[in-house]
Amino acid sequence: MTSARHRTDMGPRVGALQSSGLTLLLSLAAHCSGPQAKDLSPGELDASRANLWANANCSLLQGFWCQPASQLPRDQLSALIQRLALLQVPLQAWQLSCLANLASRCGLQDDFTLHPPNLLLFYNLSQVQEADCRAFIRCAAQGDVELLSHLPDQRVALRRAAVACLGVAHPRLSASDLQLLGALVCDMDASSIGAADPRVLENLQRCPRLTAAQHIALNSLLAGGKTSLGPPGSWTLEGLQALGPLATYISPHLWMQVQEAVGLGFFRSVVASCRAGRLSRREARRFVTSFLESKTKPVSSRPRLSPGRPCVRGNITAATLRDDLLLVHYDCAQLESCLDGRILRTNLDPLLQHPLPTECQRMVKAKLAQIYPQGLPEDQLRLILYSHTEIGQWSITSQDTVVALLASDVALENQTEAVLQKFLEHNSTVSGALLLAIGGTRLCWMSPQQIQTIHPQELRLAGALDVSSCPQSRKNVLYTKAREDFGSSRTPAAYYRLMRPYLGSAPVEELRHLAQANISMDIDTFTSLNPLELQSLDVGNMTALLGHNVGDLQKARSHPTVRAWLHSLNSSALGQLGLDASPAGPAGSTGPAHGTSGPPSTTHQALHLVHTSGLPANTAQASTSGSLWAPLGYLPLAVALPSSLLWLLHWGTCALVSVDSTALGWLGSQGSDAGKTGL
């Protein structure tokens with residue numbers, strides 16, 4: 001094992017790769033990547049086997065699967081990982097977790113400086129050398145810690161390891177500490193953030209969201225005037241813009257202290273960024289609500305919204321609606337009084353480009369109800385929130401309208417059933433293209449009756465949708481629906497690849513069958529299984545089911561599904577798994593979930609806390625799980641393409657099966673029957 005400080009460059013080895021398993025991995029990925037990998041057709045792969053990774057592009061590598069990768073020699077696996085880092089290939093958590101286990105088995109963790117930061121998040125921290133502690137944490141902190149959502153204990157252990165690298169139990173984070181910690185600061189508690197060097201703002205900009213306590217700590221830090229912005233009275237437009245979305249958390253009492261010209265200039269920039277799609281409507285609305293609150297009179301002295309209130313600000317014209325300061329000049333009451341129905345009817349889109357506060361949205365909806373007593377035209381159903389009852393008055397015939405309503409950041413979860421119900425009144429089913437466009441989480445909010453309308457072939461065309469967050473009742477329906485089409489797959493590996501997203505309701509008999517098939521289930525899929533069914537699995541079945549991913553139980557032991565199963569075991573059974581009686585993370589915690597609970601405590605713990613024990617090194621199949629990666633930019637294309645061409649978008653989900661001799665023979669015998677099993 002080579003030290004991080006004395007490793008050799010393995011780049012030249014890339015040009016000498018020769019492996020039938022590797023050829024199968026890339027040729028199958030190229031087959032389903034279509035035009036995205038036109039420079040790497042299956043035939044070309046066979047002809048240039050000695051230089052496979054030198055030609056592999058990003059879209060092709062996104063089809064990475066652990067099953068064939070587990071057959072690679074150490075040098076080729078190392079070259080694969082380095083290629084992923086070089087091209088910054090955005091792999092998903094299920095791919096990264098199993099790849100991290102493969103790298104650990106091959107002793108590649110010491111080359112972490114050559115590996116993708118996201119991969120480092122999943123590494124066994126007990127194998128990190130103490131001398132490499134700070135270098136490892138600095139690299140790992142550049143990754144997206146949200147990928148560890150199913151591994152709460154790994155996320156806690158990573159933060160504890162970072163604190164241990166600082167050398168003190170309760171540090172006052174210095175500038176150099178903050179540079180080391182990166183996005184890991186997002187998991188620090190409010191007191192640590194408040195006591196940190198003011199440059200902590202740079203770290204907080206990387207947080208996808210702040211807890212309520214962190215929100216308060218941020219405003220206290222800004223109010224102190226010790227950040228690069230200085231005291232609120234000296235803030236500049238450039239300084240506020242440099243904060244990015246973090247500025248949307250600034251409280252009203254601070255906006256009161258900001259110079260008026262600076263505040264208005266920033267208001268303009270936020271509205272413009274929202275209109276251009278650079279800032280989400282949710283973030284923009286949070287800022288607008290806070291900013292306008294700083295400009296309004298106390299509620300007791302404010303006149304109540306009334307249809308009869310006179311317009312004192314001047315009638316609103318089409319040009320007025322295009323002014324970025326519209327909401328500053330017209331509060332919701334004046335917007336109601338000064339906006340004529342004729343202007344609203346012909347200029348609805350410019351108005352809805354503004355991040356309207358909830359009160360203003362209610363006013364707009366009331367006016368629209370007067371203009372369109374029979375219901376809004378379908379092309380107007382965008383950018384504004386409607387209730388279940390209001391949606392019931394609509395007529396929705398177009399898939400584009402459904403996508404505009406459900407794939408946007410303003411859509412509410414409970415709108416899904418109502419919107420799709422109106423769509424199904426004019427269409428017999430929800431197509432695979434539409435499912436792909438609106439995303440798997442929307443399946444969670446479809447009614448069981450709506451799920452039943454999905455034809456099995458459409459579920460196949462939609463690819464591996466992420467339905468892990470669905471309630472168990474929906475998982476039951478989705479499992480039954482998926483079994484209708486995928487249950488006839490000819491090999492366990494092919495069945496698992498297709499059914500993986502929908503196994504959340506699999507009965508214990510099926511889980512035992514999969515365990516016997518050596519599929520090495522990834523931890524993401526495992527945590528989505530039905531906890532009641534898992535209670536019937538003993539340690540032997542569980543070890544066989546997870547295969548060489550069994551060590552990930554330690555990284556996820558505070559996850560509710562894993563914790564429930566572990567609680568059913570005695571100490572002897574826990575010992576067989578290399579686990580002790582108490583979880584590594586906070587008791588009863590599911591990890592650093594943002595919202596109601598704050599981040600885990602920053603209790604000091606040694607770097608080598610986590611021991612992720614795996615099975616003895618062998619060539620058992622790795623995880624064959626798969627998931628579709630679909631950038632938002634491809635959503636309109638997904639809807640526009642006919643079902644026969646939907647495969648063009650599936651360069652992230654490839655039909656891979658076991659690469660042992662039996663599976664290779666099965667592949668060769670498919671011929672014209674391959675389409676019947678979706679392979």
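Start by selecting Arg342, which is exposed, with a relative accessible area of 59%. Asp340 itself is partly exposed, at 39% relative accessible area. Keep in mind that you're looking at a predicted model.

Next, pick helix α31, residues 472-486, and show Glu484 and Lys481, which sit 3 residues apart, about one turn of the helix. Their side chains form a salt bridge too, at 3.6 Å, N to O. Glu484, at 47%, counts as partly exposed.

Hop over to helix α37, residues 552-555, where Asp552 and Lys555 are also 3 residues apart. Here the salt bridge spans 3.3 Å, N to O, and both residues are buried. Then select Glu146, Arg155, Asp187 and Arg209: salt bridges with shared partners join them into one network. A search of the whole structure turns up 10 salt bridges.

Leu435 is buried, with 0% relative accessibility. Show what it touches beyond four places away in sequence, including Val430, Leu443, Met446 and Ile454. Glu458 is another of those contacts; it lies 23 residues from Leu435 in sequence, with the C-alpha atoms 8.4 Å apart.

Finally, zoom out: the protein has 41 helices and 0 strands, and 56% of its 679 residues are buried.

Definitions and conventions:
Residues are numbered from 1 along each chain as its sequence is written. This is a predicted model: local features need pLDDT of at least 70, side-chain atom pairs count only at pLDDT 80 or more; totals for chains, interfaces and linings use all residues. Side-chain values use heavy atoms; hydrogens and water are left out. Helices (H or I, at least four residues) and strands (E, at least two) are DSSP runs, numbered from the N terminus. Buried means under 20% relative accessible area, exposed over 50%, partly exposed in between (1.4 Å probe, protein chains only). Contact means heavy atoms within 4.5 Å. A salt bridge is a side-chain nitrogen of Lys or Arg within 4 Å of a carboxyl oxygen of Asp or Glu.
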